[in-house]
Amino acid sequence: MTDTLDEIDLQILKTLQKNAKLTTKELAEAVHLTLTPVFERQKRLERQGYILRYTAVLDPEKMGQGLLVFCKVKLQQINHEIADAFTRRIQRFPEVTECFNISGAHDYLLKVRARDMKQYQEFILNKLGNIENVSSIESTFVMSEVKQSNGINI
């Protein structure tokens, strides 16, 4: 899909990934173009779906969500109906910040944020553990984040 993007489009995307709060003027200066072409290119990148949304990255510690857990879930059996039911339930849990359908010994990998171990335990016992067809849950607790990026390599 990147074959429709030229070098300036890629520069715009790289720059916005680093700081989406830039004004059009600041973005134009960063990619060495004038305002109008940068504005038009940015809008085109949005329309074409290269830019999905703009967001603020919050500090989990300051927001009281310092515990980060990767949780592997195996279902008793899996088919479209069971997978759809599981993902619909997961969508309603604010503790789950990301959910991936994976291959291997487990079916799903969840990224879960909690205040502390007690809140995570309550999440497992009262929410995740109550989903029908969940066979096993394996939790990996993050001791420190070595690298964190919301961007993709361009």
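This is a predicted model: local features need pLDDT of at least 70, side-chain atom pairs count only at pLDDT 80 or more; totals for chains, interfaces and linings use all residues.
Side chains of opposite charge can pair when their charged atoms come close. In this structure, a search of the whole model turns up ten salt bridges. One of them joins Arg 41 to Asp 6, with the closest N and O atoms 2.9 Å apart. That pair links distant parts of the chain: Arg 41 sits in helix H3 (residues 35–47), while Asp 6 is in the segment before helix H1 (7–18), 35 residues apart. Arg 41 is buried, at 19% relative accessible area, and Asp 6 is partly exposed, at 33%.

Helices H3 and H1 are also linked by Arg 44 and Asp 9, 35 residues apart. Here the salt bridge has an N to O distance of 2.7 Å.

Another salt bridge brings together Lys 127 and Glu 95 (2.8 Å, N to O). Lys 127 lies in the loop between helix H5 (117–126) and strand E4 (134–141), and Glu 95 in the loop between helix H4 (80–91) and E2, so the pair ties together parts that are 32 residues apart in sequence. Lys 127 counts as partly exposed at 27% relative accessibility; Glu 95 counts as buried at 13%. Salt bridges with shared partners join Asp 6, Asp 9, Arg 41 and Arg 44 into one network.

Then there is His 106, found in the loop between strands E2 (96–101) and E3 (108–114). His 106 counts as buried because its relative accessibility is 13%. Leaving aside residues up to four places away in sequence, His 106 touches Lys 72, Val 73, Lys 74, Ser 136 and Glu 138.

Note on methods. Residues are numbered from 1 along each chain as its sequence is written. Side-chain values use heavy atoms; hydrogens and water are left out. Helices (H or I, at least four residues) and strands (E, at least two) are DSSP runs, numbered from the N terminus. Buried means under 20% relative accessible area, exposed over 50%, partly exposed in between (1.4 Å probe, protein chains only). Contact means heavy atoms within 4.5 Å. A salt bridge is a side-chain nitrogen of Lys or Arg within 4 Å of a carboxyl oxygen of Asp or Glu.
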